[in-house]
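Please look through the sequence and the structure shown here before reading on. The paragraphs that follow go from the contact between the chains to single elements and residues.

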Amino acid sequence: MSTSGGVGGPELASMEGVLDFLAERQRAITSNLANVDTPGYQALDVRFRQQLDDLLEGWRLVQTSKDHFQSEFPETSAIEWAPIPGLVDGPDGNNVELDRELLAMTLNRLRFQMAIQGVTGHLRAIRTAIREGQ
Amino acid sequence: MSLLNAISISSSGITSQRQRIETIVSNLANARTTRTPQGGPYRRQEVVFETTAVGRTRPFAEELEARVGEPMGVRVSELRVDGQPPQMAYDPDHPDANEQGYVAFPNVNPVEESVNLISAARAFEANVTAVTVSQRLIERSLDLGRL
């Protein structure tokens, strides 16, 4: 899903995908925090349907030629909700770990800021290119 | 926008934990109340939490696996009265003592209530923090429009 109308190229669409993904992860975390004491509730997280989480972790731009960078990022529609591995059910069937969620929220926020800076830098570069082309 | 929905979800957590805190405070304040308008000692109360949809939930993808649901809020589905019997203590001089000299005290364990209170307060704070974080994410996204 690209809201920029293609003007930024596939790189911008990929970066928007990152922001969407991280926003949905924040939503998953808020759901876990709101239901930290709900009996039977299972904590959830976002992931890509094709198990492409490692793309997010080790995401880097691949230089396909001297002047062109290609970024690969799955489409937003491939996102799904998934259980979190390694959690244990309490006596009421709830498996939310409050500290894990708070830490995840901090990390997510940092990644979001990094992604925003990436988009900002990209948009500024486009704007500069447009100006200098005039 | 999913981040606005995130704020609604956190808001439901704040409300629910606040109701839980109020219930615990009521239990603690009435831990030694031997006389109520309904007759008999104070009865311990507890809230029952239930997952609930809040705001507008956007359909996410074509097929959803059913192992977990999607992000949801929470609500208090029931204010339940604890069915445990009152604690009997021998005190024949007490104005509410029965014929055998025993007084029926509330089925409230102050230590247990205090532990629950700490837990509820922590969960409350965590949901408040989540609202702040979601708000900041939205604001940073809006900053993209102003380079």
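How many salt bridges does the rule find across the interface of chain B and chain A? There are 3 of them, a salt bridge being a side-chain nitrogen of Lys or Arg within 4 Å of a carboxyl oxygen of Asp or Glu. A:D99 forms a salt bridge with B:R122, and the closest N and O atoms of this pair lie 2.7 Å apart. On the side of chain B that touches chain A, the elements giving two or more residues are α1 (2-29), β1 (45-52), β2 (73-81) and α2 of chain B, where helices (H or I, at least four residues) and strands (E, at least two) are DSSP runs numbered from the N terminus. The largest share of that side, 12 residues, comes from α2(B).

This is a predicted model, in which local features need pLDDT of at least 70 and side-chain atom pairs count only at pLDDT 80 or more, while totals for chains, interfaces and linings use all residues. Residues are numbered from 1 along each chain as its sequence is written, chains are lettered from A and ligands numbered from 1 in the order in which they are written, and side-chain values use heavy atoms, with hydrogens and water left out. The model scores ipTM 0.87 and pTM 0.82.

The size of an interface is often given as the accessible area lost when the parts come together. Here chain B and chain A bury about 3500 Å² between them, 63% of it on carbon and sulfur atoms, the buried area being the accessible area (1.4 Å probe) that two parts lose on being put together, summed over both. The contact (heavy atoms within 4.5 Å) takes 42 residues from chain B and 40 residues from chain A.

Within chain A, helix α3 (residues 98-132) has 35 residues and reaches 51 Å from its first C-alpha to its last, close to the 51 Å expected at 1.5 Å a residue, a span taken as 1.5 Å times one less than the number of residues. Among the residues of α3(A) that are buried are A:L98, A:E101, A:M105, A:F112 and A:V119, buried meaning under 20% relative accessible area (1.4 Å probe, protein chains only). The buried residues of α3(A) pack against α1 (9-34) of chain A together with α2 (110-143) of chain B.

In helix α1 of chain B lies B:S10, which is buried, with a relative accessible area of 0%. Leaving aside neighbours within four places in sequence, B:S10 is in contact with A:T30, B:N127, B:A130 and B:V131.

Notes. Buried means under 20% relative accessible area, exposed over 50%, partly exposed in between (1.4 Å probe, protein chains only).
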